[in-house]
Amino acid sequence: MEPSPAKGKPLGRLLVSSTLDAKDELEERLERCMGIVTTLTNGMSEREANDALTASVCKGPQQHEEVCLGLFALLLTEPAQAQRCYRDLTLVNRDGMNVILIKINQILMEKFLKLQDVCRTQLVWLVRELVKSGVIGADGVLMTLMKQIAGGDISNKNLWLAENVLDILVEQREWVLKSGMLIAMSVYTYLRLIVDHGTPALLVLRQKEVDFCIGMLREKFMECFIIGRDLVRLLQIVARIPEMELLWKDLLHNPQALSPQFTGKGLLQLLTARTSRKFLACRLTPDMETKLLFMTSRVRFGQQKRYQDWFQRQYLSTAESQSLRCDLIRYICGVVHPSNEVLSSDILPRWAIIGWLLTTCTSNVAASNAKLALFYDWLFFSPEKDSIMNIEPAILVMHHSMKPHPAITATLLDFMCRIIPHFFPPLEGQVRQGVFNSLTFIMEKRVLAHLAPLFDNPKLDRELRSMLRERFPEFCSSPSPPTEGRDESTNEMKMEESVSLEMDNHVLLDKEDGCYDNTEAAFSDDEEEINNKGNKKREFRFHPIKEAVIEEPADITPYVDQLDDTMKEKVLQLQKGSDTETQCEVMQEIVDLILEEDFDSEQMSTLASCLAELFKGHFRGDVLPDEITEESLEESVCKPVCLVFRNLCQMQEDNSGFSVLLEMLAELYQKQPKIGYHLLYYLKASKAAMGKMSLYESFAQATALGDLHTCLMMDMKACQEDDVRLLCYLTPSIYTEFPDETLRSGELLNMIVAVIDSTQLQELMCHVMMGDLVMFRKDSVLNILIQSLDWETFEQYSTWQLFLAHNIPLETIIPILQHLKYKEHPEALSCLLLQLRREKPSEEMVKMVLSRPCHPEDQFTTSILRHWAAKHDDVLGEHIKALLIKNNNLPRKRQSLRSSSSKLAQLTLEQILEHMDNLRLNLSNTKNSCESLTHIHTNPRLLEHTHLSVNGTRPTIHLLNSKTAVCVSVFTQTPILQALQHVQASCDEAHKMRFSDLFSLAEEYEEASSKLPKSRRKAPASSPRSRKGAATPVSNEEESASSSASEEEDSKPKAPKRKRKGSSAVGSDSD
C-alpha cells in the first residue's frame, strides 16, 4: 500500500512532490502570495476586489510584488479563474509585467519538469496571452519555453508542448516578425524537430512545422542568415521532404529567390559564418545542459560511467533519441570551451564524452549525422574567424582511440577524407582548404605535435592509409624514419605515446589513452601504465591554447542595403571614419536619426548588425587602462559605441527615446554579447554616468533574456573570459548596486575566484575591510560556502579569505561542519580550524565539532578540542558536560533513529565518548602522558599540591607546576568528570567496556576527591538503583562545600562517593 500523506504537510499545488520532499521555496512563496490575494478579495464583487488589489499595490514595491505573484499563482492553479486573474494582473501591475516575466523564466529554467500538469497547461496559456498583449519581454519568455521542447522525444507531453508553441508562433505571426532573434531561434528549433516527427501519426504536426519554417525562410531569410553554417546542416537533413527540397534547390542554385541580398556567394558566406552558441544551446533542455556541464567541469576522468549511464537512461534510451546525439555533439564542440585550468586537470575531457556518444549510435543515419556534426566546423574553418576549441575534440577522439579502438579512428578518418569531395562538389576546393586549415592550426596550437603517427599508422588498413597520403601528403611524413616490420609498429606507437604525453592539453601521465567509461561495452579499455621507467623523470608541462586575433576589415555588405538612404549614408560614413573623434560625431548623428519620430523600427535589427560589425574592433583587447586615473578612465569611454550609453544616461526613463535606445542596445546585444559588460564599465568609469548604475537593470529587462540576474551573470562571465582586471574593477560596484542578484548565490563569486591571482585577492580583501565591498551576508553565506566545496583548491581558499575579511560571526557558518568530509574538503576544514582556534567555544560550536563522525585519520575534532582545553578549559568542560547529560537522557532508540534518518551528522552520546576517548589517547601519546594523570590521582603526596579553587561557581582541580597542564586540566575538570559518572551509571555494559579507560578517570576522581578535606558533604545514597527518578544538581552541594574558607579548613574526612545514576546532574535539596 502507498503511504498516506503526512498530516500537517499538504502536497503543493504547483509542483509534483512526495511527502518526503522538502517544501520548495518558490512554491511556498507563491502559495503565500496567493493566500494574501485570496484574503484581500474574499467575499467581494469583482469591482470591489479590483479596488482592494489596486489599493494594496499602491502601498509599496513589496505589496505590488505580492499581489502580482498571488494572481500569477492563482492563474496557474485555478484554470476557472485564469481569465479574471489575467485581467486583474494587467490592471494592477506597475512594471510592465516584469515581475511575472522573471518568475516565468525562473520556473521554465528550474522547475518546469516538476510542474503539475494543470500548471504546465496554464503556464503555456499565460505565455500565449502575454504574446497576444504584446508585452515587452514576451519574446524572451517564448524562446525559453521553446528550449523546453526536447529533441529526440516523442512523448505526449513533449509533442503537446511543441504543437502549442508552434500554434502561438503561427497565430501571432505579425508579432513574431518584429523580432529577428525570435524568427531565427524558432526556425532553428522547428527545423531540428521536423526530423523527430516523421512517423505516420505525426505527419499533421510535421506538415505544420514544415509550412512554418518555409514561410519564415522565404519571407525573412536574412533574419535567419544569422544562424550561420548550422542552418545549412539542418536544411540538408530535411531536404528530402518535397516542400523542403524546393527550398534546398533554391538555396544551392538560385539564392536570390530567397532574398535579393543573398547573392551567388551567399551560400559560401553562410557556410563560413560560425553558428552562435545561443542556437547550439537552444536545442538542449536546461536539465540536459546542467548535466552535461556538470560532467565536463566536475566529474573526474575514469569516474564517469555512472553519470553516462544515468544520462543514457534518461535521454538516449529510445529509438527516436538517435537524433539527439547531433545536438549534444554540436553543443560540446561549440559551447563547452573549458578553461586552461580544466584542460590541464583530470576532469573528464570533451573528446571522451563525444567518443562515448558515437558508440551509442545504433543506426547508420544517426552515426553519419553525428560524424558530420563533429567535423562540421572543419569544412570551412578559418583561423581568423573560428576557434581551435571547435575542432579540437575530433582530432583528439581519433588520436586517443587509435591504440585501444583503431576501428573508431579508422571510421572517422575515412569520413574526413570522403566528406571533402561529396559535401558539395562545387565547393570542393573550399572544403579541402577548410580541412587543411584545421589540421595546420591543430599543429600550430600544439594540440598534437605531429599527425604522421595518426595518418600513417600500421593499425589502419592499407586502402585508408593510401587515401590519407593522397589527400594529406603534407601531414603523412614521419619526423623520424621507421624501422622494418614489427619494429615499425612499435616505434610509431612509442612516438605516438611520447607526442601525446608531451603535447596533449587534456591528459595526465597515467591516463594517456583514457577511456570513455570503464566497461567492455564502452569506447575504451583500461590501459596499462606507460612510460613508468623512461618518462618518470621527464617534466610534463601544460601548454595553454592561445588564439591569434587577426584584424579583418568590417563587412557590412549583407546588411547596409536594407537601410533607408539617410541611415545608409551615415553608416557608410561611420565605416570610412579614420579617427575616433569623427566616428563619434557620426555616431551621434545616427543616434539622433534613431530618436526621430519617423524612424522605422524594422530597421533596428539590420542597423544593429551593421554597428556590431563596424565596432568589433572596440571589443577586442583590454578595456581598462593600465594606469587608472580620472583622465585615463574618461579617455577609455570615448568610443563611438559609448555614445549610445551617454545618450541613455542623459535621458529620463519616461522619455519615449529612452525605450527606443534601449531597444537598439538590446538588438546590438544579440549581435555582440560583450556590449553588456562594456555598459557596466561605462556606468562606473564615466563621470557622466555617476549614480546611473540602475540603468543596467532597464537594459537587462529590455534584452531577449528579460531577467536582470541572468543578464548580469552572462555579462560578468563574458568579462571574466576577456579581461580579469576589468572583472575585479567592476566587482565592488556590481555587489553594491545589485545585492539581491549577487549575494543570494555563489555564481558570481565562483567566476571571480576562478580567475583572480593572489594580488587581486588581496585587493578585494582590502575593499571589503574598507567597507567598499560586501560579498557575503548572514542569510546566504552558509549556502554559498557549501556551494564552494565543489570548487578548485585555490578558489576555495580565496573564498574563505574573502569571508574572513567580513565581520560575520563564525557561529553563522559553523553548521557547515556537518557537510565536511576530511578527505574531500581539506580546504574548508583547514580554514575553519584556524578560525575556531581564535574563538572562545560556545555550546553550539562544541556541538558541531563533536558531531563529526569519528575516523582514525580525521584529526580535526581532536586538535581543536585540545586547543580549547589549553585556552578555555573551564568553558569547554561546562559545554561538554551539558552535551553529555542532554544526550545521555535521550532514549537509546531515539538516538539511533535520529542519527540514521538524516544525511547530515547528528550528535549522539557515542560520538561524544569516542571523541573524548580520542582526545585522551592523543594526550597519552605525548610527553608526560596520561600515566602522569593516573599517578597524580592516586598519589597522596601530589594531591597535597592541589587545591580546590572556585571558577565562577564550579570547582575545578588545578595542578601546579606540571608539564602536563593541558592533559590534566581537561580531564580533571569537575563538570566533565561528573558527566562521565552520570553516563557510566546509566550506560550498558558494552559501552562501559568500550570506554573503560575513559570512565576510569571518573572513578579515580571519586577516590581522589574522597581523600580531600571537605565539610558538610552529604553522604551518598545507599544504592544507585534506589534512585530512578530525575535528580537535582550536585553542584549545589559543592557550592555550599566551597563557599567559605572555614569549610575548606575543616579536616573531618568524608566517605567516598559511590557511582550513582545521574550523579552529575543531581544533588540533594536538603543540603
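## A glutamine in helix α31

Gln583 lies in helix α31; helices here are DSSP runs of H or I with at least four residues, strands are runs of E with at least two, and both are numbered from the N terminus. At 16% relative accessibility, Gln583 counts as buried. Buried means under 20% relative accessible area, exposed means over 50%, and partly exposed is in between, with a 1.4 Å probe and protein chains only. Setting aside neighbours within four places in sequence, Gln583 touches Leu574, Gly577, His618 and Pro640, where contact means heavy atoms within 4.5 Å.

Before going on, please keep in mind that this is a predicted model, in which local features need pLDDT of at least 70 and side-chain atom pairs count only at pLDDT 80 or more, while totals for chains, interfaces and linings use all residues. Residues are numbered from 1 along each chain as its sequence is written, and side-chain values use heavy atoms, with hydrogens and water left out.

## The chain as a whole

You will find 58 helices and 2 strands in this chain. Of its 1071 residues, 54% count as buried. Its accessible surface comes to about 48700 Å², and carbon and sulfur atoms account for 50% of that area. Accessible areas come from the Shrake-Rupley method with a 1.4 Å probe, and for residues only the protein chains shown count as cover.

Ala366 gives you a pair to look up in the model. Ala366 sits in helix α22, which covers residues 364-375, and is buried at 8% relative accessibility. Ala366 and Gln322 are 44 residues apart in sequence, yet their C-alpha atoms are 5.8 Å apart in space. Once neighbours within four places in sequence are left aside, the contacts of Ala366 are Gln322 and Cys361.

## Salt bridges

Side chains of opposite charge can pair when their charged atoms come close. A salt bridge here is a side-chain nitrogen of Lys or Arg within 4 Å of a carboxyl oxygen of Asp or Glu. By this rule the count comes to 37 salt bridges. One of them joins Asp377 to Arg229, with the closest N and O atoms 2.7 Å apart. This pair links distant parts of the chain, 148 residues apart: Asp377 is in the loop between α22 and α23 (388-401), and Arg229 is in helix α13 (residues 229-237). Both Asp377 and Arg229 are buried.

Another salt bridge runs between Lys674 and Asp722, where the closest N and O atoms are 3.5 Å apart. Here too the pair links distant parts of the chain, 48 residues apart, with Lys674 in the loop between α35 (656-671) and α36 (675-685) and Asp722 in helix α38 (residues 708-722). Lys674 is partly exposed, having a relative accessible area of 24%, and Asp722 is also partly exposed, at 33%. Then there is the salt bridge between the side chains of Arg744 and Glu741, at 3.4 Å from N to O. In that pair, Arg744 is partly exposed with a relative accessible area of 46%, while Glu741 is buried at 15%. Elsewhere, salt bridges that share partners join Arg229, Asp230, Arg233, Arg330, Asp377 and Asp386 into one network.

## A negative patch on the surface

Which residues gather in a patch of negative charge on the surface? They are Asp564, Asp565, Glu569, Asp592, Glu596, Glu597, Asp598, Asp600 and Glu602. Patches are made of residues with over 30% relative accessible area and no salt bridge; like charges are joined within 9 Å, and nonpolar side chains (Val, Leu, Ile, Met, Phe, Trp, Tyr) within 5 Å. Lys and Arg count as positive and Asp and Glu as negative, while His and the chain ends are not counted. The place of a charge is taken as NZ of Lys, CZ of Arg, CG of Asp or CD of Glu.

Glu596, one of the patch residues, lies in the loop between α31 (580-595) and α32 (604-614). Glu596 counts as partly exposed because its relative accessibility is 39%.

## Positive phi angles in two loops

Met97 has a positive phi of about 65° although it is not a glycine. Met97 falls in the loop between α4 (82-92) and α5 (98-111), and with 4% relative accessibility Met97 is buried.

Arg446, likewise not a glycine, has a positive phi of about 65°. Look for Arg446 in the loop between α25 (428-444) and α26 (452-455). At 38% relative accessibility, Arg446 counts as partly exposed.
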